[in-house]
Amino acid sequence: MTAANTDALLRVRALRKGFDGRVVLRDVGFAVDRGSIFSVLGPSGAGKSVLLKCLAGVEDPDGGEVFFEGRPLDFRERTVRDSFRRRCSFLFQGNALFDSLTALQNVALPLEQTTNLSRAEIRERAMQALAQLELDEHAGRYPGMLSGGMQKRLALARAIVTQPEMVFFDEPTAGLDPLRRNAVFAMIAKYQALFGFTALIVTHDVVEALAVSCMVALLHQGEICFSGTPEEFAASGHPVVQSFRDSPDALRATLDALRRGDALPQEEP
Amino acid sequence: MVGSIGSYTLSRIRGLGDFGLFVATSLGAIFATKRLPGRIGRAVYEQGFRCLPVILIVGAFTGMVLGLQGYYVLNRFGSEGLLGALVSLSLVREMAPVLAALMLVGQAGSALAAELGIQRNSEQIAALDTMGISSRGYLVTPRLLSAAFVFPAQTALFVAVGLWGGSLSGSLLLGVDPGVYWSSVYRAVDAEDVRECLIKAVTFGLLTTAICAYQGFHAHRIKGATGARAVSAATTKAVVISSIGILAADYIITSFLV
């Protein structure tokens with residue numbers, strides 16, 4: 001591996017991944033600046049979650065390079081892997097909370113297992129993280145007793161309790177209604193500004209992602225077909241960007257055609 | 001034909017190697033896992049206290065049946081006085097370690113496989129890994145360590161309750177003198193028998209817990225099944241393989257120790 005430019009906190013170059021002969025990621029490359037919010041957009045099944053899992057070391061990529069602070073990230077090397085995981089957190093699509101542990105125990109878990117802090121210090125820091133996410137009153141409750149939004153906040157509290165430099169968000173609004181979607185993106189923007197971490201979000205919520213992100217990339221059929229600012233995305237004439245960005249308009253046109261009794265436009269293969 | 005046999009054999013050998021690696025890394029994580037005693041305590045509760053009723057009930061009935069069957073066989077030769085020896089040796093050498101292990105697999109082992117399978121499905125295991133926590137050290141190691149002393153303890157309890165069950169049917173119902181029954185027990189069982197019993201219990205405990213943990217931990221690898229079906233398949237596989245493993249290990253240990 002060669003050294004990468006060090007202006008970006010995370011740099012991905014020509015990342016490849018496949019399952020059983022099916023290519024999921026094809027030479028994916030982008031860079032995430034320190035302290036920014038970077039969103040990877042794409043339809044369901046585009047390979048967004050696989051991309052994030054490759055970056056977090058949950059899946060092994062088939063090829064390509066990942067650089068963190070300009071240094072190659074090789075998860076086979078224990079010291080590199082441990083150092084990266086101490087400095088980064090991962091928010092799973094389904095939250096991945098431990099249902100046999102209370103909210104406080106869930107948040108305290110990474111501190112208990114990865115630091116040498118005393119019990120009192122761990123409790124204090126976990127309570128502080130819960131309070132920052134307005135969950136301190138629910139410290140003794142189990143995740144199953146909390147609402148979907150509270151569970152999301154609890155997962156974020158667990159992610160930030162170790163004061164990470166970077167947080168990976170895997171479809172943070174999957175299955176939520178529009179109001180809750182807005183609330184989750186607002187929460188990410190608020191706490192990113194508060195704690196200053198770098199955020200990498202994979203999502204298919206275009207409007208919300210454009211509103212909070214500094215940079216966006218569009219993943220289509222395993223390839224990054226666009227990378228730029230939200231303004232550039234909004235103005236892009238790239239056909240895939242257009243179809244993804246304008247999908248509500250396309251739906252409206254289809255519905256209008258249906259109402260008029262016209263034949264439905266041919267679906268793309 | 002030869003090719004498919006070869007590839008099947010290779011996949012089995014790979015599976016065994018993967019299982020060995022799983023157990024080795026789980027045991028190797030003892031020193032990397034913090035607050036292990038608390039986790040072991042919870043595992044002892046799950047494998048020990050929660051399985052207590054089934055061990056007591058099955059142990060008592062096994063002893064009672066042995067008492068009944070043994071009495072009618074020995075009675076033909078006028079040797080009812082040896083009933084205690086028959087019941088105690090049957091229990092200590094074979095029945096207690098095997099039956100207690102099978103009961104523990106049915107209750108605690110299946111629960112362990114299902115719990116780990118669900119944790120795999122809901123990405124809790126991946127979450128531990130991304131937090132820099134050894135998922136094997138956190139989830140598997142305490143269960144393995146707990147099994148090493150819970151299985152012998154449950155087996156000893158099974159023997160004690162079984163002996164009491166044997167005396168209940170032999171002495172109370174069929175009229176064998178209690179003094180004769182218990183003195184026959186004391187004379188028949190020696191230290192070698194107890195050692196064999198404990199070696200079997202520890203082996204069965206470690207083996208079955210490792211099998212159940214392995215199956216649950218890798219529920220996502222079950223071919224042709226995902227989600228709840230994968231968890232169900234992993235749990236069934238864990239119980240079946242563990243049960244066969246107990247009987248196979250019993251034969252191997254007995255053939256070496258007798």
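The following paragraphs lead through a sheet in chain A, a pair of helices in chain B, and the contact of the two chains.

This is a predicted model, in which local features need pLDDT of at least 70 and side-chain atom pairs count only at pLDDT 80 or more, while totals for chains, interfaces and linings use all residues. Residues are numbered from 1 along each chain as its sequence is written, and chains are lettered from A and ligands numbered from 1 in the order in which they are written.

In chain A, 6 strands form an open sheet with mixed pairing, in the order β6-β7-β8-β3-β9-β10. Strands (E, at least two residues) and helices (H or I, at least four) are DSSP runs, numbered from the N terminus. Two strands pair if DSSP finds at least two bridges between them. Strands of a sheet pair through backbone hydrogen bonds, either parallel or antiparallel. The edge strands of chain A, β6 (88-91) and β10 (223-228), each pair on one side only. On average, neighbouring strands of this sheet are turned by 15° against each other, direction ignored.

Strand β3(A) (residues 37-41) pairs with strand β8(A) (residues 198-203) in the parallel sense over 5 bridges; Leu41(A) has Thr203(A) as its bridge partner in β8(A). The pairing of β6(A) with β7(A) is parallel too, over 4 bridges, and here the bridge partner of Leu91(A) is Phe169(A). Both faces of β6(A) are covered: Cys88(A) and Phe90(A) on one side, and Ser89(A) and Leu91(A) on the other, are all buried (20 or more other C-beta atoms within 10 Å of the residue's own, with C-beta atoms placed from the backbone).

In chain B, helix α7 (residues 141-173) and helix α9 (residues 191-217) pack at an angle of about 140°, with their axes 8 Å apart. Axes are lines fitted to C-alpha atoms, for helices over the stretch in contact, and angles run from 0 to 180 degrees between N-to-C directions. The angle makes α7(B) oblique to α9(B), a word for angles that are not under 35 degrees (roughly parallel), over 145 (roughly antiparallel) or 65 to 115 (roughly perpendicular). Among the residues that make this contact are Phe151(B) of α7(B) and Leu206(B) of α9(B).

Finally, the two chains touch: 13 residues from chain B and 14 residues from chain A take part in the contact, which requires C-beta atoms, placed from the backbone, to lie within 7 Å. Helix α5(B) (residues 124-130) gives the most to the side of chain B that touches chain A, with 5 residues.

Key
A residue is buried if 20 or more other C-beta atoms lie within 10 Å of its own, exposed if 12 or fewer, and partly exposed in between; C-beta atoms are placed from the backbone.
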